[in-house]
Amino acid sequence: MSGCMRQEPDGARADYNFAYLDEQTKRMIRRAILKGLAIPGYQVPFASREMPMPYGWGTGGVQVSAAVMVPEDRFKVIDQGADDTTNAVSIRAFFERTAGVATTTRTREASVIQTRHRIPEEPLREGQILVYQVPIPEPLRFLEPRESETRKLHALEDYGLMHVKLYEDIARHGHIATAYDYPVRVEARYVMDPSPIPKFDTPKLADCPAIQLFGAGREQRIHALPPYTRVVPLDFEDHPFEASKPDHPCGLCGATDSYLDEVIVDDAGGRIFVCSDTDHCEARRDSGHVGEDTA
Amino acid sequence: MIADALAGGFADPAIDAAHAFRAVMDAMARPGTIRPVAGAEPPAPLSPAAGAVLLTLCDTDTPLHLAGSLDDADVRAWIAFHIGAPIVGSDTCTFACGSWADLVPLSRYSTGTPEYPDRSATLIVEVPELTNDGAVLMGPGIRDRAHLSLPEKDAFRANARAYPLGLDFIFTSGTRIAALPRSTEVL
């Protein structure tokens, strides 16, 4: 993809500043990231820039990635776990062109991973940075539309609304029906929106050795989790949090412990379940694991 | 003096600042870890590490307070040329830089508001040496416990008690940095 382009010695295009953003913008984002790390789970406002892609395509994540990236990084992008979707491919190409960084699809080899709505199956390690693309950073937004009010609720540590919402789930459905974007409490202080990751991934937020950064471009907010931060899903004693996934093995690699996508395969209602994390699935198949639906 | 003020910035601003920021971010995300930063050669008494942090984080948008002996003509000239930060008093600054003795008392700095605790000052504290002994640290970013040589303990304990309000600290010594966010508990 990058082979056809005239490249500078370090691999980046000379007509852009390193990693696209100008230095003053990067400093502004970097200051927001530091305050975010100092106050885990708190949403720091930042002056989100117009990016050469529409809001909703991960502009927040892209700006955070641009602000933390160094030329020696190896960059991975996943969209719902997949390295090969349009969103992931175009963001990867964007940083190949503007920052000249090496890219990879392997979780293990990546130093910076930008993600839309998944946490990789492979446990992250120290030294890695996970950058989330966040659509709505305010966990209380659908319960209270006014920013001035939600700010106050966070300041007063008043999270009763969220508990009522979860309780109403139980009253209506018999269980907490929130399956993704599950609200969490960070260090017993801020309730945080983890971006729309499936409930299955929520426990991976806690005690993670990697730095986790969350960027919401349209909403102009950055929040962060330093490594080894206490992150607890909100729940009730009689209705404890449960990480759930489809009750099937992966049709391609046979994994029973990974998050699965349901894929319709024909016009007759045929469907298979496959790993949402394409790198995890490929690595398993390469090492000889076979699922039931492998043709 | 003019020649000195023009020299000593990042040779390759985008790349040097990216590397310096990774060191600062890593230090802030993992309180107690000590990281090298390179690329800046500011006039004495400003340390190369403090110079790199200022070049990486400060600009015309960040009022800066220079405490005590750091408020010197050469340092001001260097900052005016390379950074452009307005030099202000301690009560309105977003960054302050100086020795611990010159920076205290901490009540002089903004610790943010309950709605916006991020609107608080970051203190760049020049210390004679940085070592992984002395105060015991616990909190986000620390697996069990970390150790860091702090200039004192009580001021940082009081700062942590005001959480989520509070100040965040970057310690600089020679070409090395460490950090202590307000979320860290100092035992």
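**View 1. Helix 1 of chain A packs against helix 2 of chain B in this predicted model.** The two helices cover residues 23-38 of chain A and residues 13-29 of chain B. Their axes come within 10 Å and cross at roughly 5°. Helix 1 of chain A is therefore roughly parallel to helix 2 of chain B, as the angle is under 35 degrees. On the chain A side, the contact is made by A:Glu23, A:Lys26, A:Arg30, A:Ile33, A:Leu34 and A:Leu37. On the chain B side, helix 2 contributes B:Pro13, B:Ala14, B:Ala17, B:Ala18, B:Phe21, B:Val24, B:Met25, B:Met28 and B:Ala29. Sorted by class, this contact has twelve nonpolar and three charged residues, with no polar ones.

**View 2. Helix 2 and helix 3 of chain A pack together.** Here helix 2 spans residues 59-68 and helix 3 spans residues 86-98 of chain A. The axes lie 12 Å apart, at an angle of about 30°. Helix 2 of chain A and helix 3 of chain A are therefore roughly parallel to each other. Their crossing is right-handed. Helix 2 of chain A brings A:Val62, A:Ser65 and A:Ala66 to the contact. Helix 3 of chain A brings A:Ile91, A:Phe94 and A:Phe95. The contact of these two helices has five nonpolar residues, one polar residue and no charged residues.

**View 3. Aromatic rings cluster in chain A.** Over all chains, a search of the whole structure finds 13 aromatic pairs. The rings of A:Phe94 and A:Phe95 have centres 5.0 Å apart. Their planes stand at 80°, so the pair is edge-to-face. How buried are these two residues? A:Phe94 has 12% relative accessibility and counts as buried. A:Phe95 is also buried, with a relative accessible area of 0%.

**View 4. A phenylalanine pair joins a helix and a strand of chain B.** The ring centres of B:Phe156 and B:Phe171 are 5.9 Å apart. The planes meet at 70°, over the 60 degrees that counts as edge-to-face, so this pair is edge-to-face. B:Phe156 lies in helix 6 (residues 154-161) of chain B. B:Phe171 lies in strand 7 (residues 168-173) of chain B. The pair therefore ties together parts that are 15 residues apart in sequence. B:Phe156 counts as buried at 2% relative accessibility, and B:Phe171 counts as buried at 0%.

**View 5. Helix 3 of chain B is mostly covered.** This helix runs over residues 48-57. Nine of its ten residues are buried. The buried residues are B:Ala49, B:Ala50, B:Gly51, B:Ala52, B:Val53, B:Leu54, B:Leu55, B:Thr56 and B:Leu57.

**View 6. A:Phe214 sits buried in strand 8 of chain A.** Strand 8 of chain A covers residues 211-216. A:Phe214 has 0% relative accessibility and so counts as buried. Which residues does A:Phe214 contact, leaving aside its neighbours within four places in sequence? They are A:Tyr132, A:Val134, A:Met192, A:Pro194, A:Leu205, A:Arg221, A:Ile222, A:His223, A:Ala224 and A:Leu225. A:Gln114 is 100 residues from A:Phe214 in sequence. In space, A:Gln114 and A:Phe214 are 9.6 Å apart, C-alpha to C-alpha.

Note on methods
Residues are numbered from 1 along each chain as its sequence is written. Chains are lettered from A and ligands numbered from 1 in the order in which they are written. This is a predicted model: local features need pLDDT of at least 70, side-chain atom pairs count only at pLDDT 80 or more; totals for chains, interfaces and linings use all residues. Side-chain values use heavy atoms; hydrogens and water are left out. Axes are lines fitted to C-alpha atoms, for helices over the stretch in contact, and angles run from 0 to 180 degrees between N-to-C directions. Helices (H or I, at least four residues) and strands (E, at least two) are DSSP runs, numbered from the N terminus. Angles under 35 degrees count as roughly parallel, over 145 as roughly antiparallel, 65 to 115 as roughly perpendicular and the rest as oblique. A crossing is left-handed if the near helix is turned anticlockwise from the far one by less than a right angle, and right-handed if clockwise. Contact means heavy atoms within 4.5 Å. Ala, Val, Leu, Ile, Met, Phe, Trp, Tyr, Cys and Pro count as nonpolar, Asp, Glu, Lys and Arg as charged, and the others, Gly among them, as polar. Rings of Phe, Tyr and Trp (its six-membered ring) pair if their centres lie within 6.5 Å; planes under 30 degrees apart count as stacked, over 60 as edge-to-face and the rest as tilted. Buried means under 20% relative accessible area, exposed over 50%, partly exposed in between (1.4 Å probe, protein chains only).
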